[in-house]
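Subject: Structure handover

Hello,

Here is the structure for you to take over. Please open it first, then read the notes below.

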Amino acid sequence: MQEDNKLSPVPLVAPAARKSRQARVVWGDRVVAVGGDAPVRIQSMTNTDTVDAIETAIQVKELAQAGSEMVRITVNTPEAAAAVPYIREQLDRMGENVPLVGDFHYNGHRLLTEFPDCAKALSKYRINPGNVGKGDKKDKQFGQMIEAAIQYDKAVRIGVNWGSLDQELLAELMDENSHRSAPWDGRQVMYEALITSAISSAQRAEQMGLDGNQIILSCKVSGVQDLIAVYRGLSARCDYALHLGLTEAGMGTKGTVASAAALSILLQEGIGDTIRVSLTPQPGEARTQEVVVASEILQALGMRSFVPSVTACPGCGRTTSTTFQELAKDIDEHLRSQMPVWRVKYPGVEKMKVAVMGCIVNGPGESKHADIGISLPGTGESPAAPVFIDGEKAMTLRGDRIAQEFHDIVQAYVERRYGAAKV
Ligand code: SF4
C-alpha cells in the first residue's frame, strides 16, 4: 500500500459544461429556455391523428404530466393545421401550458401561410431541410417557413434526418469526395452531408432575419456510433442549441438501451440541450414511456431530478419470495403516480432516495444511504423488516401488512420533510 501522503484522490466526474448558446421557446407569457446553462429539456411526440383535437390534446397532457417540457405534433394536412388552434385551446382549458411544436414535411410552407392561427398556436416549427422541396423550390419554400417564424416570433428546429437527407446535397458531396486524392469513407461523407445541411440551413435562416437564439439544430441517425460521431462534429462546428435523439431507436429494451448508450455519452461531453427518446411503443404500452426513459437518463447522469429514485437489489438465492420485488415495484409506481401533485405540493421531493432491499447483507447499509429504506427478511432471517429514516433505524415492521405500512411511512415522511417547502 502507498504511504498516505503519496495517495491522490480519484478525480470526481461530472458532465462537461454545455457550449451552446441559449435559445428560447415562447408560448404566451411562458418562456422555455433551451441550451446554454438551462437544464437539458425533455421532448416527446404524439402518435394520435392531429385532426382529432381532443384525443391529441389528451395525449399531449399525458406526456406533459409525465415530464415532457415540449410536445411535438404532426402537422401534415390542411385538416391537421386547422385542428392545431383547437388543441392549444383545449390544453389551455385544462391548465396545461406545455409548448407545442409542429412537425412539418413537404407542405409546411403552405400550411404555415394558409393557416395563420396554426402558425400562431405553435411555439416552435420543426423544419426538415431534406423535405422542404426540390430544385429551385427548395430555397423558396424553406424561406416561407422562416418568414412565418419571424412574423410570429417562433423558434425553429432545423431537424435533419438521415432517412430523409437532402439528396442533392449528398450527391454534390459524394461527387466532391470522388475528386479527393484520398477519398473519405462513405459514412464520413454522409456525416458531412447531415452537418452541412443543418448548419447551412441555420445560417440561411439567420441571413433572412431569424435570430440565432430562435434556432435549434438536430441531425438524427439510428446508429449509436453514428450519432456520437455526427453530434461531436456538429457541436464542434457551431454553437446553436442542439436537440439530441437516436431516431427510430426501436422497441422495448433494445430502443431504451440504444438511446441511453448514445445519449449518455454525448450528454456527458456537454452535447445536447433537448432530448427525445424515440421508442416504438409495444402493443398496449403507454406513449409516456419515452418520457419516462428520457427522464431516467438525465436522472441517472445526475443532470436533473424528476421522480424520487428507488434503489432495489436484484435479489438472489437469499430471497425465496417475490415480496421485495413487489414492494419495490409498488413503491416505484406509487412515487411516479404522485409526482404531478407532489411536484407542486412538495418541492424537492424529486430528489428523495428510497431503498427496498432483499436481505441483511446489503439491506441495512443501502437503506441507511437512502432517505428512507426498508430491509426485508431474506431466507432464514427472522420475519422482521427494519425501516431506516435519514440514516437511523426508526422501526421494525412485521406481519402481512408490511407493504401497506411502508407505503404509509413513506407518505408521512414526504409530508413531514417536503411539506410547506421544507427542502
Ligand atoms: S441484498 Fe441480499 S437479497 Fe439483495 S442481492 Fe444482496 S444478498 Fe441478495
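A residue counts as buried when its relative accessible area is under 20%. Cys118 comes in at 1%, so Cys118 is buried. One caution before the rest: this is a predicted model.

**Cysteines**

How many disulfides does a search of the whole structure find? The count is zero. A disulfide is a covalent bond between the sulfur atoms of two cysteines. Take Cys238 as an example. Its closest cysteine sulfur belongs to Cys219, 8.3 Å away. The cut-off for a disulfide is 2.5 Å between the sulfurs, so Cys238 and Cys219 are too far apart for a bond. Cys238 has a relative accessibility of 16%, which is under 20%, so Cys238 counts as buried too.

**The ligand and the annotated site**

The ligand is surrounded by Cys313, Pro314, Gly315, Cys316, Arg318, Thr319, Met357, Gly358, Cys359, Val361 and Asn362. By type, this shell divides into six nonpolar residues, four polar and one charged.

Now the record. An unreviewed UniProt entry places the feature "binding site" at Cys313, Cys316, Cys359 and Glu366. Cys313, Cys316 and Cys359 are also in the shell around the ligand.

Cys316 sits in the loop between β13 (309–312) and α11 (323–345). Cys316 has a relative accessible area of 47%. That value falls between 20% and 50%, so Cys316 is partly exposed. Glu366 belongs to helix α12, residues 363–369. Glu366 is partly exposed as well, at 31% relative accessibility.

**Aromatic pairs**

The search of the whole structure finds two aromatic pairs. Phe104 and Tyr125 form an edge-to-face pair. Their ring centres are 6.0 Å apart, and the angle between the planes is 90°. This pair links distant parts of the chain. Phe104 is in strand β5 (residues 100–104), and Tyr125 is in strand β6 (residues 124–127). The two are 21 residues apart. Are they buried or exposed? Both Phe104 and Tyr125 are buried.

Trp342 and Tyr346 make another pair. Their ring centres lie 6.0 Å apart, with the planes at 80°. Planes over 60 degrees apart count as edge-to-face, so this pair is edge-to-face. Trp342 is buried, with a relative accessible area of 2%. Tyr346 is buried at 5%.

**A charge over a ring**

Which residue lies over the face of Trp184? Arg180 does, at 3.7 Å from the ring centre.

**The annotated domain**

UniProt, again in an unreviewed entry, gives "domain: IspG TIM-barrel" for residues 32–294. In the model, this span is 50% helix and 17% strand. The end C-alpha atoms of residues 32–294 lie 18 Å apart.

One contrast of sequence and space to look at is Glu206 with Ile146. They are 60 residues apart in sequence. In space, their C-alpha atoms are 9.1 Å apart. Glu206 is in helix α7, residues 186–207. Its relative accessibility is 30%, so Glu206 counts as partly exposed.

**Where to look**

Start with the ligand and the shell around it, Cys316 included. Then turn to the Phe104 and Tyr125 pair. Finish with Arg180 over Trp184.

Best wishes

Definitions and conventions. Residues are numbered from 1 along each chain as its sequence is written. This is a predicted model: local features need pLDDT of at least 70, side-chain atom pairs count only at pLDDT 80 or more; totals for chains, interfaces and linings use all residues. Side-chain values use heavy atoms; hydrogens and water are left out. A residue is near a molecule or strand if one of its heavy atoms lies within 4 Å of it. Ala, Val, Leu, Ile, Met, Phe, Trp, Tyr, Cys and Pro count as nonpolar, Asp, Glu, Lys and Arg as charged, and the others, Gly among them, as polar. Rings of Phe, Tyr and Trp (its six-membered ring) pair if their centres lie within 6.5 Å; planes under 30 degrees apart count as stacked, over 60 as edge-to-face and the rest as tilted. Helices (H or I, at least four residues) and strands (E, at least two) are DSSP runs, numbered from the N terminus. Buried means under 20% relative accessible area, exposed over 50%, partly exposed in between (1.4 Å probe, protein chains only). A charge sits over a ring if NZ of Lys or CZ of Arg is within 6 Å of the ring centre and within 35 degrees of the ring normal. UniProt positions are given in the numbering used here, feature names are shortened, and annotations may be inferred rather than shown by experiment.
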